[in-house]
Amino acid sequence: MKLLGGAIAAVDHGGSLGRASALFPHAPQPFVDLSTGINPHSYPLFDLPATAQSRLPEEGRLRELAEIAASTYGAPSAAHVAAAPGTQILLPRVASLVRSGKALVLGPTYAEHARAAAIAGHAVAEVDNFDALAEADLAVLVNPNNPDGRIIERDRLLGLATRLRSRGGLLVVDEAFMDVGPTEQSLAGDVGAGGIVVLRSFGKFFGLAGIRLGFALADPVTVERLEAQLGPWAVAGPALEYGIRALADAEWQAAMRQRLAADTERLDALLRKSGVPVAGGTNLFRYLSLAEAPTLFSALGERGVLVRHFADRPQVLRVGLPGSDEEWHRLEAALAAWASRRGDAPKEIVR
């Protein structure tokens, strides 16, 4: 068990091009940003109705969004859906649904969950054993996990939720990448039993992170508590319009899953060609674990290709998908240049 006494401190994330420019001042511009795990093929932009920006959001449109989100994600009904301006703002509010106690986060994973639990007043620790979560008042995991793509089966999650619920605990499952995961492992359809909150992100799969839209799926009483904390007009008019249209567009979603799967196969082949082992991931990012990760990160950065590194795990990298032929070519050239300096034999993977 890893105690996280400093969890309230701000966390460094991928996607900061300003930070990348400071780190690699001589890199060619623009950067190929592969550091976020956000779909590079965004949902098509469209002309918004003027009222989406000139008027306060209508309650009816919010209900429509909740109905479509429930149908798309598999929640029991719209009453089981709380919409918010991104899942990030939900984290400390969800953590506050149970009284302050012991929060356990299955790690290593997205660092904001521990920070949010600390903000909510919990004593936070990171554990690497799923069974240890049964001792928590607040148990948190990401499924599929970020950054390694680990999957915890639904039956195991339901068993944990039952144990926690019997003594007033809460299971939080962040399904930010479940749009490209094994959806049969989602707990979205199980939230009605109580004691479970499922988080779903809109921006990652739909490639519209700037829209700031996310959802908490839970039993209706919990949804009402979250909505009371968020207050009126929590979701902006443009986000409502994009959410309603994109979540209802099943044809685009199915085609995009196929495209992302093909892109992931292409990325895996390119990494293998350069002698870089793939240790995990999802169809939005790949997880690399190798002793030479720091030199690979620097070599790519110097050529204007930004990937995600982790200060507390220097042997780990996360690599997103290029979005254009030019980006693919730049990544391939940067990997080839690194591989030619590295030598021919792949180095041992660090576990």
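Trainee: How do the residues lining the second largest cavity divide into nonpolar, polar and charged?
Mentor: Val98, Arg99, Asp137, Arg167, Gly168 and Gly169 form this lining; a cavity is a set of points on a 1 Å grid over the protein atoms alone where a 1.4 Å probe fits but cannot get out, and lining residues have an atom within 4 Å of a point. Ala, Val, Leu, Ile, Met, Phe, Trp, Tyr, Cys and Pro count as nonpolar, Asp, Glu, Lys and Arg as charged, and the others, Gly among them, as polar. The lining therefore divides into 1 nonpolar, 2 polar and 3 charged residues.

Trainee: At what pLDDT do side-chain atom pairs count?
Mentor: Residues are numbered from 1 along each chain as its sequence is written, and side-chain values use heavy atoms, with hydrogens and water left out. This is a predicted model, in which totals for chains, interfaces and linings use all residues, local features need pLDDT of at least 70, and side-chain atom pairs count only at pLDDT 80 or more.

Trainee: What is the volume of the largest cavity?
Mentor: The lining of the largest cavity includes Leu91, His113 and Leu138, and helix 4 (91-95), helix 5 (112-119) and strand 6 (138-142) each give two or more residues to it; helices (H or I, at least four residues) and strands (E, at least two) are DSSP runs numbered from the N terminus. By class this lining has 9 nonpolar, 1 polar and no charged residues. Taking volume as the space filled by probe spheres set on the grid points, which are joined across faces, edges and corners, the largest cavity comes to about 70 Å³.

Trainee: Is the arrangement of helix 3 and helix 9 roughly parallel or roughly antiparallel?
Mentor: The axes, lines fitted to C-alpha atoms over the stretch in contact (heavy atoms within 4.5 Å), come within 9 Å and cross at roughly 30 degrees for helix 3 (residues 59-73) and helix 9 (residues 237-248). Angles run from 0 to 180 degrees between N-to-C directions, and those under 35 degrees count as roughly parallel, over 145 as roughly antiparallel, 65 to 115 as roughly perpendicular and the rest as oblique. Helix 3 and helix 9 are therefore roughly parallel.

Trainee: How many nonpolar, polar and charged residues does the contact of helix 3 with helix 9 have?
Mentor: Helix 3 brings residues including Leu65 and Ile68, which meet a set in helix 9 that includes Leu240 and Ile244. By class, the contact has 9 nonpolar, 2 polar and 3 charged residues.

Conventions: 1 Å grid on protein atoms, 1.4 Å probe; cavity = no way out; pocket = protein on both sides within 12 Å on 5 of 7 lines; lining within 4 Å.
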